[in-house]
Amino acid sequence: QVQLVESGGGLVQAGGSLRVSCTGSGRPFTTYAMGWFRQAPGKEREFVATTTWSSSTYYADSVKGRFTISRDNAGNTVYLQMNSLKPEDTAVYYCAVVSKNYGFTYSYTEAAVYDYWGQGTQVTVSS
């Protein structure tokens, strides 16, 4: 079994910064992408950012230029550095991993291809 544990969420004022982390543990497997999604109250879960096995990164338009995704050398931990936060960034942030190879050029932005999910961490941005 694979476990993903997020940490680092919290309350921050608009314009501030926050970094959330996600560490995987459990049986070894190849991760073809590690990504972040978020879900605000009353809204559907949406893609935020992902980093793939080919070292590509993809971002939602709403966070481009403000958020940065990175991964540690061991590949077990993924980070999401969030700068210039806005109230509309308020959501539960989930990390997830893909254990199947969808090809070198696939963007891994679809939630359906992610096999394992963390429990989520709350990020609240006050105005």
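Which residues do ring pairs link into a cluster? They are Phe37, Phe47, Tyr114 and Trp117. The model is predicted: local features need pLDDT of at least 70, side-chain atom pairs count only at pLDDT 80 or more, and totals for chains, interfaces and linings use all residues. Residues are numbered from 1 along each chain as its sequence is written, and side-chain values use heavy atoms, without hydrogens and water.

**Overall fold**

- The protein has eleven strands and zero helices. Both are DSSP runs numbered from the N terminus: strands (E) of at least two residues, helices (H or I) of at least four.
- Along the sequence the pattern reads β-β-β-β-β-β-β-β-β-β-β.
- The radius of gyration is 14 Å, close to the 14 Å from the globule rule for 127 residues, so the protein is as compact as a globular protein of that length. The radius is taken over C-alpha atoms, and the rule is 2.2 Å times the number of residues to the power 0.38.
- Taken along the principal axes, the C-alpha atoms fill a box of roughly 40 × 30 × 30 Å.

**Burial, surface and contacts**

- Of the 127 residues, 43% count as buried. Buried means under 20% relative accessible area, exposed over 50%, and partly exposed in between (1.4 Å probe, protein chains only).
- The accessible surface is about 6500 Å², with 47% belonging to carbon and sulfur atoms. Areas come from the Shrake-Rupley method with a 1.4 Å probe; for residues, only the protein chains shown count as cover.
- Among contacts with a separation of 6 or more, 60% come from residues 24 or more positions apart. A contact means heavy atoms within 4.5 Å.

**Aromatic pairs**

- The structure holds nine aromatic pairs. Rings of Phe, Tyr and Trp (its six-membered ring) pair if their centres lie within 6.5 Å; planes under 30 degrees apart are stacked, over 60 edge-to-face, the rest tilted.
- Phe37 and Phe47 have ring centres 5.7 Å apart and planes at 70°, so this pair is edge-to-face.
- That pair links distant parts of the chain: Phe37 lies in strand S4 (residues 33–39) and Phe47 in strand S5 (residues 46–52), ten residues apart.
- Phe37 is buried at 1% relative accessible area. Phe47 is buried at 14%.
- Tyr106 and Tyr108 also pair edge-to-face, because their centres are 4.9 Å apart and their planes lie at 85°.
- Tyr106 is partly exposed at 25% relative accessible area, whereas Tyr108 is buried at 1%.

**Charge over rings**

- The charged end of Arg45 sits over the ring of Tyr94, 4.0 Å from its centre. This requires NZ of Lys or CZ of Arg within 6 Å of the ring centre and within 35 degrees of the ring normal.
- The charged end of Arg45 also sits over the ring of Trp117, 4.7 Å from its centre.
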